[in-house]
Amino acid sequence: MKKLINDPADVVAEALRGMDAAHPELRVDHANRIVYRADAPVQGKVGLISGGGSGHEPMHGGFVGPGMLDAACAGEVFTSPVPDQMVEATKNVDGGAGVLHIVKNYTGDVMNFEMAAELAGAETGVEVLSVVTDDDVAVQDSLYTAGRRGVGVTVLLEKIVGAAADEGRDLAGVAAVARKVNGQGRSMGMALTSCTVPAAGQPTFELPDDQMEIGIGIHGEPGRRRVPLAPAREVAAMLVEPVLSDLDFTGPDGVICFVNGMGGTPLLELYLMYNEVAALLDKAGVRIARSLVGPYITSLEMAGCSVTLVKADDELIRLWDAPVRTPGLRWGA
């Protein structure tokens, strides 16, 4: 597998140096591998922290900035950050209103964030709440998690919750919005290829050219089933139908529809997939209120996509539309 790297052991550190050089609006703590918005801590605002293994870019460091996260902790590729990173980040984004940890439901992430919340509270007295995302309908348990995996809804949640924090809501109010988004969101993904972790040097799993994996996670873990390669409209149905069967998305307020690329799929194909997804939702009586298309929570160079729906209402749409200025998402004032 060809990769644009130097030493596999230095991939994360060197990528963070590049991010630091490219984005002067961020501040990178290279010793602790934490990406901060340059003006953190923002006094009187709830601090928002997320993080996880590297290899999912722009998740999470690319979502640091006004309107989204205050800090993101970077682990090794597909490996959770350690509690010391999260404790350091928690201390440095506390503006006096408490800190919310946004955690994807993977065993290492949940365990380490829980430990960090306890340590930060004991050391500094800062109030910390955590919200765990678990939107993946593909599997109930997996190699990396007990319960459903946290995947695409995490992107939408970080944007919406970031706007709620910017409005000046208190910690309990911000956490309530996060739980609402997670509870109203569902995702399903698929892969055309595996991915290669730089340190491993070979694909995580073998996938013949004439087959695809339905229900994959974001670490290269296999999905629900392996099936013959099919046209995009059939793939879209395999992703949309399990999502719609898991939660009622009908209603006048519609949904936020997110078609995500896993890292190796061109936008040409993602927009084609979005068209197929939109047609299926229309047939099912589900109105799309807002959309997002692109590679926002990836799995290195994996080819494939995922579909995420969040049941919307006036509050969530207003928060979604609020300005955001991060490397990965940017709109509004």
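Ile218 lies in the loop between strand 8 and strand 9 (225-228), where strands (E, at least two residues) and helices (H or I, at least four) are DSSP runs numbered from the N terminus. The model is predicted, so that local features need pLDDT of at least 70 and side-chain atom pairs count only at pLDDT 80 or more, while totals for chains, interfaces and linings use all residues. Residues are numbered from 1 along each chain as its sequence is written, and side-chain values use heavy atoms, with hydrogens and water left out.

Ile218 is buried, at a relative accessible area of 3%; buried means under 20% relative accessible area, exposed over 50%, and partly exposed in between (1.4 Å probe, protein chains only). Not counting residues up to four places away in sequence, Ile218 touches His56, Phe78, Lys104, Tyr106, Gly150, Val151, Met262, Ile297, Thr298 and Ser299, contact being defined as heavy atoms within 4.5 Å. Gly294 is 76 residues from Ile218 in sequence, with a C-alpha to C-alpha separation of 15 Å.

Two further loop residues are buried. Leu69, in the loop between strand 3 and strand 4 (71-77), has a relative accessible area of 0%. Its contacts, leaving aside neighbours within four places in sequence, are Arg37, Leu48, Ile49, Ser50, His60, Phe63, Val64, Ile102 and Glu158. Thr196 belongs to the loop between strand 7 (185-191) and strand 8 (211-214) and has a relative accessible area of 1%. Beyond four places in sequence, Thr196 touches Met1, Lys3, Gly201, Gln202, Pro203, Leu300 and Glu301.

Helix 3 (residues 107-124) comprises 18 residues and reaches 26 Å from first to last C-alpha, close to the expected 26 Å, the expected span being 1.5 Å times one less than the number of residues. Its buried residues are Asp109, Val110, Asn112, Phe113, Ala116, Ala117 and Ala120. The elements covering them include strand 3 (47-54), helix 2 (83-93), strand 5 (99-104) and strand 6 (128-133).

Helix 8 packs against two other helices. The axes of helix 4 (residues 153-166) and helix 8 come within 8 Å and cross at roughly 90 degrees; axes are lines fitted to C-alpha atoms, for helices over the stretch in contact, and angles run from 0 to 180 degrees between N-to-C directions. Helix 4 is therefore roughly perpendicular to helix 8, given that angles under 35 degrees count as roughly parallel, over 145 as roughly antiparallel, 65 to 115 as roughly perpendicular and the rest as oblique. Leu156, Lys159, Ile160, Ala163 and Ala164 of helix 4 meet Leu316, Leu319 and Trp320 of helix 8. By class, this contact has seven nonpolar, no polar and one charged residues, with Ala, Val, Leu, Ile, Met, Phe, Trp, Tyr, Cys and Pro counted as nonpolar, Asp, Glu, Lys and Arg as charged, and the others, Gly among them, as polar.

Helix 5 (residues 171-183) and helix 8 (residues 314-321) pack at about 105 degrees, with axes 12 Å apart, and helix 5 is thus also roughly perpendicular to helix 8. Val177, Lys180 and Val181 of helix 5 and Glu315, Leu316 and Leu319 of helix 8 make the contact. Its residues are four nonpolar, no polar and two charged.

The chain is assigned domain 1 (9-184) and domain 2 (186-320), with bounds from an automatic or database domain assignment. Their C-alpha centres lie 23 Å apart, and 36 residues of domain 1 are in contact with 38 residues of domain 2.
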